[in-house]
Number of protein chains: 2
Amino acid sequence: VPSRSIAEVGEFAFLASLVARVPRGRATIVGPGHDCAVVRSAGRSLLLTVDAMVEGVHFDRDWLSPRQIGCKSFLVNASDVAAMGGRPTACVVSVGVPATYRARDLSDLQAGVVAAARAVGASVVGGNLSRARQLFVSIALLADAPPRIVTRRGARPGDFVYVTGTLGDAALAVRLLQQRRPRSRPVPAAVLRRFREPAPRLRAGRVLVASGLVSAMIDVSDGLVQDLGHLCGQSRVGAVIRAATVPRSRAYCLHAGAGDTLALHGGEDYELLCTVPKRHVKRLQQARRGLGCRITCIGEITAERGICVVDASGQPMRLAAGGFDHFRDRD
Amino acid sequence: VPSRSIAEVGEFAFLASLVARVPRGRATIVGPGHDCAVVRSAGRSLLLTVDAMVEGVHFDRDWLSPRQIGCKSFLVNASDVAAMGGRPTACVVSVGVPATYRARDLSDLQAGVVAAARAVGASVVGGNLSRARQLFVSIALLADAPPRIVTRRGARPGDFVYVTGTLGDAALAVRLLQQRRPRSRPVPAAVLRRFREPAPRLRAGRVLVASGLVSAMIDVSDGLVQDLGHLCGQSRVGAVIRAATVPRSRAYCLHAGAGDTLALHGGEDYELLCTVPKRHVKRLQQARRGLGCRITCIGEITAERGICVVDASGQPMRLAAGGFDHFRDRD
């Protein structure tokens, strides 16, 4: 129905329809719908990705310092590169700010982008500054592609589902920040850091892709169930996830409620979610030491479509909410 | 003074201070401060640029259709590639829209980007959609670099200053759109088209760079005097421009006032401004047929800094306003 708003259509349904209508060009190896595009240029493969952070949608100004906004804007892109096993090289930064925004804050924001890029061996090579009613930072990141390309599309029934690190910390931080009252306890530093300074799994991504053991990969930015849904949708499969096996940090276990499901659907973890054919599981055990982080099997790919999360007794769970939808959440 | 706003510091002074603080990385051949960055990746040179259009700053929604917004957002980037003599290959599109924005309009916007990219042999390979209070479209464009790099930095005293096409039409369109009243005459189509559907000088840019005849080049996006100022600033020179020689279209001459100076400082023309050493002028006359557009000598580079515009009698003119400053203009 053409006159509906984007909110009514839903972000992901709408995006899927947009993506389907983009023609493939001569330079396109992997087009829209994955963590990065793969572009052929002068006989070489490059990764190219873009991600934006908007004030009031992705963050509030008192949750993140200008430097952290800059830093995080870069890191969310680096996470997309990690999910394709690439090596970030250069980025361009497009910023929109109100005319009243302080020059010092914008310098700090830029310093955050520069520092985050430098920390992973990439450079800021250009930018654009516009006036806008609302602060936004949109970064496009170029990366060297690995010789072998892994996308969201290769998962097959029977593959095991793995996730790096721990899930739920960033979403817990956002909830605690939202619930904060003048005299409430400070948000625990370990949880807050995961929201403010995510550490993209670049090394793990490169090792996993280079190993040839993973059939599909995606980064967990919108929540486990939602991003696994994207991976399964692109692979035309489904998955069963055992909730009890989803890795949670000590801080998360201490501060989240007992029945909490943030680790299942909370966004902004920037971990990697990948699928591994059964025949490769043993070799993955051997490769895991090189990842620089833990990796945990949390379920299995199924031929039946849809994501089913089961509790410790094997019963399907009903999740309160899906992942993050820009046009529905946080008004 | 650190606590001043960006508006108080001034867009370009602030940008200069930002650019000065970006460290050069291993992949950077040409960094921030030019029309495109030049990035070394896997032994090849690539151009990368980013530009954004923000509603209420760069356009009003009743001045441009969604398709035209998408189209123009691509073309302003293509113009930066033209100024470096490159060939656009792939772009990623970051869009921010209000939740109430119509899905059909966003589809049309995307179709505009796709069509504009396709028309110059490039592809849309990825994107990002965010909620925002104000519509914005930020596009990052990747291009193949020419073997020889021309930046804003090579102009020398004595070089002649040339500009492609005609200047002032787009700014005249904006003025006529702003002055439009319910019963006023429609804005002339020839002028309006220059604002709505700029034609980046990709062919001219490639021919000029490949010819080896130009010492510096920039695209005219913020107005002749301002962009020539950027080129001269980077080259540490000045320029004298003869106002009477600045090329104006028939439509502009018909519809602009007699004393009008929009051709000198009005923005959004997306023509190319370049400098040519005297010894190459004769060869430029021979090469001009391949450009696909006219090219006009409008002045000369001087050792003395600053831009001086002289009238037909050789007297310096006082210009009412400079070019476009996002943080000062159109409140």
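How many residues of chain A are in contact with how many residues of chain B?

1. The contact takes in 78 residues of chain A and 77 residues of chain B, where contact means heavy atoms within 4.5 Å. This is a predicted model, with local features needing pLDDT of at least 70, side-chain atom pairs counting only at pLDDT 80 or more, and totals for chains, interfaces and linings using all residues. Residues are numbered from 1 along each chain as its sequence is written, chains are lettered from A in the order in which they are written, and side-chain values use heavy atoms, with hydrogens and water left out.

2. About 6,300 Å² is buried between chain A and chain B, and carbon and sulfur atoms give 62% of that. Buried area here is the accessible area (1.4 Å probe) that two parts lose on being put together, summed over both.

3. On symmetry: chain A superposes on chain B by a rotation of 180° with 0.0 Å of shift along its axis, RMSD 0.0 Å (least squares on C-alpha atoms of residues with pLDDT of at least 70 in both). That is the relation of a two-fold axis. Ala140(A) has the C-alpha nearest the axis in chain A, at 3.1 Å. Both copies use the same surface, as 99% of chain A's contact residues recur in chain B.

4. Now a helix pair inside chain B. Helix α3 (residues 66-82) and helix α4 (residues 103-119) of chain B pack at about 35°, their axes 6 Å apart; axes are lines fitted to C-alpha atoms over the stretch in contact, with angles running from 0 to 180 degrees between N-to-C directions. Helices are DSSP runs (H or I, at least four residues), numbered from the N terminus.

Note on methods
Helices (H or I, at least four residues) and strands (E, at least two) are DSSP runs, numbered from the N terminus.
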